[in-house]
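Subject: Handing over the structure

Hi,

Here is the structure I promised to pass on to you. Have a look at it first, and then read my notes below.

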Amino acid sequence: MADAAAVVVADNAGTMVGTIALERHGTSSDTVSLLRSAAIDPARRGHGVGAVLTAAVLRRVDAADALVALLTETATECFSRSDFTLVDRAQLPPAQEESQELRGACPSSARALLRPPTEA
């Protein structure tokens with residue numbers, strides 16, 4: 001994942017149970033982050049693994065005072081608990097047009113969510 005600014009992995013006794021990644025796009029004045037590649041072991045879903053991983057990467061974003069977005073087909077409700085709001089794709093920052101997800105890696109049916117910068 002060449003564009004990754006961070007990849008966080010959750011493990012249980014040495015077995016990976018979840019992962020999430022964060023990409024940075026833009027310059028220092030218009031930096032925007034893209035949360036991506038969240039995956040949780042099906043046996044661990046509903047046990048807080050995703051919430052812990054999301055909080056870990058969002059701490060990095062908050063330290064940089066950056067806007068963060070994501071595209072999802074299945075986890076809109078999960079990410080809304082972390083202050084993400086459903087938006088039209090046209091509302092995503094122009095810097096994110098660099099991402100593979102917006103250039104076609106994610107299907108057009110994926111919903112866009114956006115989270116404003118929060119004070120660290």
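Let's start with Ala 39, which is partly exposed, its relative accessible area being 40%. You'll find Ala 39 in strand E3. If you skip the neighbours within four places in sequence, Ala 39 is in contact with Val 17, Gly 18 and Thr 19. I also checked Ala 39 against Ala 110: the two sit 71 residues apart in sequence, and their C-alpha atoms are 16 Å apart in space. Before we go further, please keep in mind that this is a predicted model.

Now for the inside. The largest nonpolar core has 21 residues. Leu 22, Leu 35, Leu 53, Val 68, Phe 79 and Phe 84 are the ones with the most contacts inside that core. Which elements give two or more residues to it? They are strand E1 (4–12), strand E2 (15–25), strand E3 (32–40), helix H1 (49–63) and strand E4 (67–72). H1 gives the most, with six residues. Apart from this core lies another one, of nine residues, and Leu 34, Val 87, Cys 106 and Ala 110 are among them. As background, nonpolar side chains tend to be buried together in soluble globular proteins.

Leaving out neighbours within four places in sequence, Phe 79 is in contact with Leu 35, Ala 38, Thr 54, Leu 70, Phe 84 and Leu 113. Phe 79 is buried, with a relative accessible area of 9%, and Phe 84 is buried too, at 4%. The count of aromatic pairs comes to one. How are the rings of Phe 79 and Phe 84 placed? Their centres are 5.8 Å apart and their planes stand at 80 degrees, so this pair is edge-to-face; the cut-off for that label is over 60 degrees.

Next, the cysteines. How many disulfides does the count come to? It comes to zero. Cys 78 itself is partly exposed, with a relative accessible area of 43%. Cys 106, for its part, is in no disulfide.

On to the charged side chains: the structure holds four salt bridges. Here are some that I looked at.

- Arg 36 and Glu 23 form a salt bridge, with 2.4 Å between the closest N and O atoms. Arg 36 is in strand E3 and Glu 23 in strand E2, so this pair ties together parts that are 13 residues apart in sequence. Both Arg 36 and Glu 23 are buried.
- Asp 62 and Arg 115 meet through their side chains in another salt bridge, at 3.0 Å from N to O. This pair links distant parts of the chain, as Asp 62 is in helix H1 and Arg 115 in strand E6 (residues 111–115), 53 residues apart. Asp 62 counts as buried at 15% relative accessibility, and Arg 115 counts as buried at 6%.
- Arg 81 forms a salt bridge with Glu 77, and the closest N and O atoms there are 3.7 Å apart. Are these two buried or exposed? Arg 81 counts as exposed at 61% relative accessibility, and Glu 77 counts as exposed at 57%.

There is also a network: salt bridges that share partners join Glu 23, Arg 36 and Glu 101.

One last stop is Thr 72, in strand E4. Thr 72 is buried, with a relative accessible area of 9%. What does the side chain of Thr 72 reach? It reaches the backbone nitrogen of Ala 75, at 2.9 Å. Leaving aside neighbours within four places in sequence, Thr 72 is in contact with Ala 110, Arg 111 and Leu 113. You have met two of those names already: Ala 110 is among the residues of the nine-residue core, and Leu 113 is one of the contacts of Phe 79.

Over to you, and happy browsing!

Note on methods: Residues are numbered from 1 along each chain as its sequence is written. This is a predicted model: local features need pLDDT of at least 70, side-chain atom pairs count only at pLDDT 80 or more; totals for chains, interfaces and linings use all residues. Side-chain values use heavy atoms; hydrogens and water are left out. A nonpolar core is a set of buried Ala, Val, Leu, Ile, Met, Phe, Trp, Tyr and Cys residues joined through side-chain atoms within 4.5 Å. Buried means under 20% relative accessible area, exposed over 50%, partly exposed in between (1.4 Å probe, protein chains only). Helices (H or I, at least four residues) and strands (E, at least two) are DSSP runs, numbered from the N terminus. Contact means heavy atoms within 4.5 Å. A disulfide is a pair of cysteine sulfur atoms within 2.5 Å. Rings of Phe, Tyr and Trp (its six-membered ring) pair if their centres lie within 6.5 Å; planes under 30 degrees apart count as stacked, over 60 as edge-to-face and the rest as tilted. A polar contact is a pair of N or O atoms within 3.5 Å; within protein, one must be able to donate a hydrogen and the other to accept it, and residues adjacent in sequence count only if both atoms are side-chain atoms.
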